[in-house]
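Subject: Structure handover

Hello,

Here is the structure you were waiting for. My notes follow it.

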Amino acid sequence: MVKIAVLGYGTVGSGVVKVLNTNAKLIAGRAGEEIEVKYVLDLRDFPEDPIQSKVVHDYSIILEDPEVSVVVETMGGTKPAYEFVKNALLAGKSVCTSNKELVAAHGAELIHIAEEKNINFFFEASVGGGIPIIRPLNVCLTADKIEQINGILNGTTNYILTKMAKEGSDFDVVLKEAQELGYAEKDPTADVEGYDACRKIAILTSLAYGQQVDYEDIYTEGITKITAEDFKYAKAMGAVIKIFGSSKKIGGKLYAMVAPQMIKSDNPLYSVDDVFNAISVTGNMLGDVMFYGKGAGKEATASAVVSDVVDAVKHSAEHVKVKWEVEKLEVSPMDEMENRFFVRIGAEEKEKAMADFDDIAVIDGGVEGEFGFVTPKMTEKQFDEAISDFNTFKTRIRVGFEG
Ligand code: HSE
């Protein structure tokens with residue numbers, strides 16, 4: 001019998017207990033041993049819930065109990081999660097976490113401690129909720145050079161953009177609806193400004209290249225400025241607008257960003273709608289491979305956490321190698337990244353646009369008084385310089401993510 005402790009009895013933590021109870025026998029069969037939750041750490045009490053008999057408020061009880069061999073961290077944030085997780089590892093307990101803030105900021109260090117202690121630090125649920133992506137990157141895609149990763153990594157923003165596309169509504173209207181339905185937080189900043197997706201692409205990129213990629217170095221643009229008019233042009237192009245976490249290596253240089261992009265129907269990520277997430281990974285031998293599923297939610301995320309617990313039990317006397325060195329991998333300046341841009345300007349500057357940009361594709365979005373076009377591939381710097389000359393510039397959205 002393996003005894004575990006769960007830190008934080010919120011959505012994911014209570015989901016972990018539910019998954020372990022619901023599939024207890026099956027999970028025991030796969031792990032090779034029964035798994036019992038011995039403690040749940042939370043500031044709160046849950047008098048109506050059978051879990052109450054296991055609730056503790058003092059972390060040292062868990063830390064000092066030699067019977068607890070696996071700690072599940074589902075608190076979120078880095079304070080006090082970082083200290084709790086680090087101390088659990090130093091005490092020789094494996095840790096499974098769903099916490100992307102923690103993994104993005106301290107993943108390399110925590111993996112290193114786990115390696116020294118011959119235990120494991122697993123974090124499957126930190127990216128893409130229930131979608132298997134961390135283990136595939138770490139175990140299945142090890143024969144390939146990863147050329148690029150493009151992911152719809154945030155359920156809230158994908159829900160909002162899908163609704164905007166289908167209903168023709170503006171961002172604020174759909175955000176309010178999403179909040180009423182519980183798909184967006186009261187404070188939606190981390191989702192709608194792209195910060196959540198930024199941590200997730202930082203984790204995936206660090207794993208893909210085996211080195212620390214700091215999320216602070218990744219250019220991040222949210223969806224708050226996307227309008228119903230932008231979707232009119234997207235429709236005219238046969239495209240949708242999605243927010244992607246993207247990274248790619250070109251000629252030894254790493255580029256990464258979080259930003260809305262227009263993609264066309266021939267892109268496999270085109271139909272990923274509502275709260276679903278999907279991640280496309282391109283390997284130099286394998287080509288494209290795509291992972292799709294529920295990127296958030298109680299049971300789906302908890303399923304990924306429990307799969308880590310099973311893995312930790314199966315490898316109780318062995319560290320599973322995860323290559324993620326502390327040494328930082330530099331992200332190339334955003335200025336140097338090449339993209340194509342969809343642009344909206346006032347109709348009065350149409351001739352100037354035709355003259356200043358070579359080979360533009362004109363897009364008729366049916367918006368009066370405007371001129372819409374797509375530029376050829378150019379660097380971000382070249383685009384910023386060219387567009388700074390326009391008095392009627394309204395907006396720009398990057399197009400596709402090929403090459
Ligand atoms: N707020 C996140 C999302 C939760 O919407 O995807 C899962 O990380």
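Which residues are around the ligand? They are Lys100, Asn154, Gly155, Thr156, Asp191, Asp196, Lys200, Gly295 and Ala296. A residue counts as near if one of its heavy atoms lies within 4 Å.

Before the details, the ground rules. This is a predicted model, where local features need pLDDT of at least 70, side-chain atom pairs count only at pLDDT 80 or more, and totals for chains, interfaces and linings use all residues. Residues are numbered from 1 along each chain as its sequence is written, and side-chain values use heavy atoms, with hydrogens and water left out.

**The ligand**

By class, the shell has 1 nonpolar, 4 polar and 4 charged residues. Here Ala, Val, Leu, Ile, Met, Phe, Trp, Tyr, Cys and Pro are nonpolar, Asp, Glu, Lys and Arg are charged, and the others, Gly among them, are polar.

A polar side-chain atom of lysine 100 is 2.8 Å from one. For asparagine 154, a side-chain N or O atom lies at 3.5 Å. Glycine 155 uses a backbone N or O atom, at 2.8 Å. On its own, the ligand has 260 Å² of accessible area, and the protein covers 79% of that (Shrake-Rupley method, 1.4 Å probe). Two elements each give two or more residues to the shell: α7 (155–167) and α10 (195–209). Helices (H or I, at least four residues) and strands (E, at least two) are DSSP runs, numbered from the N terminus.

**Two buried loop residues**

Valine 127 is in the loop between β6 (121–122) and α6 (134–140). Its relative accessible area is 0%, so valine 127 is buried. Buried means under 20%, exposed over 50%, and partly exposed in between (1.4 Å probe, protein chains only).

Histidine 319 is in the loop between α12 (298–314) and β14 (325–328). Histidine 319 is buried too, at 14%. Its side chain reaches the backbone oxygen of isoleucine 119 at 2.6 Å.

**Backbone points to check**

Most residues other than glycine have a negative phi, and most peptide bonds are trans. Lysine 79 and proline 80 are joined by a cis peptide bond, with omega about 10 degrees. Proline 80 is in the loop between β4 (68–73) and α4 (81–90).

Aspartate 274 has a positive phi of about 55 degrees. Aspartate 274 is partly exposed, at 33%. Phi of aspartate 359 is positive as well, near 55 degrees. Aspartate 359 is exposed, at 71%.

Best wishes

Notes. A polar contact is a pair of N or O atoms within 3.5 Å; within protein, one must be able to donate a hydrogen and the other to accept it, and residues adjacent in sequence count only if both atoms are side-chain atoms.
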